Amino acid sequence: MSADDPLVRVEDLRKYFWENDSLLDRLLGGEPVPVRAVDGVSFDIDPGATLGLVGESGCGKSTTSETLLRLQEPTDGDVVFDGESVYDLEGDALTDFRKEAQVVFQDPFSSLDPRMTIGGIVTQPLEIHDWPWTDPGVESRAELRTDGISADIVSVTVADDVDKLVAPVDGVATVHVTVRSSDVAGAPAPPGRGAAGAAGAVAEVAEDPSIDVERGDGTDVHVSVDRSTKRLRLDRTRSLLERVGLSIDQLDRYPHEFSGGQRQRIGIARALALEPEFVVLDEPTSALDVSVQAQVLNLLADLQAEFDLTYLLISHDLSVIRHVCDRVAVMYLGEIVEIGPVDELFEDPKHPYTQALLDSVPRASTDERERERETLSGDVPSPRNPPSGCRFRTRCPKVIPPADLEIDQETYRELMTLRERVESRDVSLETVGDDERFALENGTVPEADVDAFVAALKERLLGTELPARHDAVVTEALASVAAGDWDAAAERLREEYESVCERRNPALEADEHPVACHLYDAAERRDAPAPEH
């Protein structure tokens with residue numbers, strides 16, 4: 001992987017869960033039904049950056065992260081991590097990926113084993129992956145500095161397994177040793193790991209190994225690990241717990257003895273145990289009190305800077321996303337609809353769904369009390385049967401009318417909603433009218449009552465008075481409903497009001513701030529009104 005390549009590249013990732021797919025279903029001739037949890041998601045994350053993934057509950061954010069980490073197997077697509085396809089990895093290569101990619105789960109209460117102490121929880125990854133690691137092919141080397149003593153009389157030897165504690169760079173584990181004359185002011189007083197002395201000389205090592213000094217004709221310094229594997233793991237666990245703000249005196253306590261914020265810190269320590277490059281943060285603060293959220297977010301930011309981590313942050317809280325992330329991807333019903341730099345996306349949102357999400361955020365300033373807010377109509381469609389074309393079209397306040405149709409957006413939105421209800425047969429004919437006055441015969445309205453029935457149904461389903469042309473079309477379609485011919489009604493409305501938004505799914509083009517919306521597609525927009533922000 002070159003320096004300019006992303007650390008994580010997700011390419012057209014899909015994850016479907018199948019219903020009616022058991023052996024019995026197959027024997028009975030049932031057709032499997034896909035639940036399209038993730039349906040063609042693509043994005044990149046650069047080394048050291050944070051990508052935020054936002055969207056309503058159920059849009060597929062967590063499933064995306066689980067599939068990315070190969071906790072779920074994909075239906076299609078690819079994830080490239082550090083230049084290699086995650087789904088091609090097997091054996092040791094897959095184990096190495098598990099070390100480099102970790103996750104902090106949303107619920108700090110259920111993600112920790114209640115039967116284990118927190119020391120055991122943080123140590124467990126070290127035991128599973130047999131940490132600390134040493135590679136016989138790594139060269140051990142010392143970089144020497146002297147103060148008040150000649151370098152010519154100092155020799156330094158480094159144990160072969162010092163790479164257990166010192167990360168090798170280009171195949172070399174380098175320790176930095178300083179040897180001073182004991183007469184130099186400020187020379188440390190031995191003993192202690194990392195510092196030692198002999199007559200007339202004191203040595204110290206900047207890293208974590210132990211150091212010994214012998215003085216004869218010269219000064220001999222030996223750097224070694226000098227600790228058991230169990231001790232190294234315990235020291236690592238203590239260091240991690242202290243780094244996330246917990247006391248090492250709490251090692252033998254159980255998760256139920258900690259608050260929610262403390263448990264999330266334990267989860268963060270566990271995720272960092274193997275020194276990963278990439279961490280998925282799945283709603284890391286959603287289960288925490290507001291007073292604790294800022295502490296955890298600041299801790300995550302400090303850890304990212306200290307350990308050069310790359311984050312994928314999943315969150316509902318847009319203020320958290322803006323505070324922490326470099327780029328943001330907006331997800332709706334299994335697809336990415338917009339992605340861009342965080343400041344640009346918040347200041348200039350393009351997709352109507354992104355605009356609606358940002359409009360829903362409460363404002364602290366009283367100056368914005370009178371601001372206009374476009375609330376979304378309807379419910380999120382089912383991923384079992386997503387809408388054709390743009391999946392947001394069933395709720396979009398800016399759905400594009402046909403080019404030859406002169407109609408205002410509010411009226412067209414009402415007509416689209418009416419169409420969807422007719423197509424899904426989501427209208428109760430039995431309750432139309434006052435006091436349920438229409439008596440149905442085999443699911444149809446008597447011919448003498450059709451005109452009154454249609455008028456009552458229009459009053460129920462439409463909030464605005466239609467222009468004459470559109471009123472005639474709707475009247476004709478609802479008359480077909482009264483006659484029990486739902487298909488004819490749906491077809492009449494479709495031929496008159498079919499939108500480009502339902503014919504083709506807009507693509508997320510390669511760009512610095514791409515958006516999947518026909519409002520920005522000149523070839524499809526035709527005479528549609530220009531988008532407003």
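## A walk from the strands to the charges

V80 stands opposite S85 in strand 5. This is a predicted model, so local features need pLDDT of at least 70 and side-chain atom pairs count only at pLDDT 80 or more, while totals for chains, interfaces and linings use all residues. Residues are numbered from 1 along each chain as its sequence is written, and side-chain values use heavy atoms, with hydrogens and water left out.

Let us stay with the strands, which, like helices, are DSSP runs numbered from the N terminus (E, at least two residues, for strands; H or I, at least four, for helices). Strand 4 and strand 5 (residues 84-85) run antiparallel and are joined by two bridges; two strands pair if DSSP finds at least two bridges between them. Their hairpin has two residues between the strands, and there D82 takes a positive phi near 55°. Strand 4 (residues 76-81) also pairs with strand 1 (residues 8-19), in the antiparallel sense over five bridges. V10 has V79 in strand 4 as its bridge partner.

Now for the charges. A salt bridge puts a side-chain nitrogen of Lys or Arg within 4 Å of a carboxyl oxygen of Asp or Glu, and by this rule the count comes to 34 salt bridges. One of them joins the side chains of D39 and R14 (2.6 Å, N to O). Because D39 lies in strand 2 (residues 33-45) and R14 in strand 1, the pair ties together parts that are 25 residues apart in sequence. D39 is buried, with a relative accessible area of 7%, whereas R14 is partly exposed at 23%; buried means under 20% relative accessible area, exposed over 50% and partly exposed in between (1.4 Å probe, protein chains only). Both residues belong to a network of salt bridges that links D12, R14, D39, E335 and R391. Elsewhere, E420 and R413 meet in a salt bridge of 3.1 Å, N to O, and both E420 and R413 are buried.

K99 lies over the face of W133, at 4.4 Å from the ring centre, and the charged end of K15 sits over the ring of F17, 5.1 Å from its centre.

Key: A charge sits over a ring if NZ of Lys or CZ of Arg is within 6 Å of the ring centre and within 35 degrees of the ring normal.
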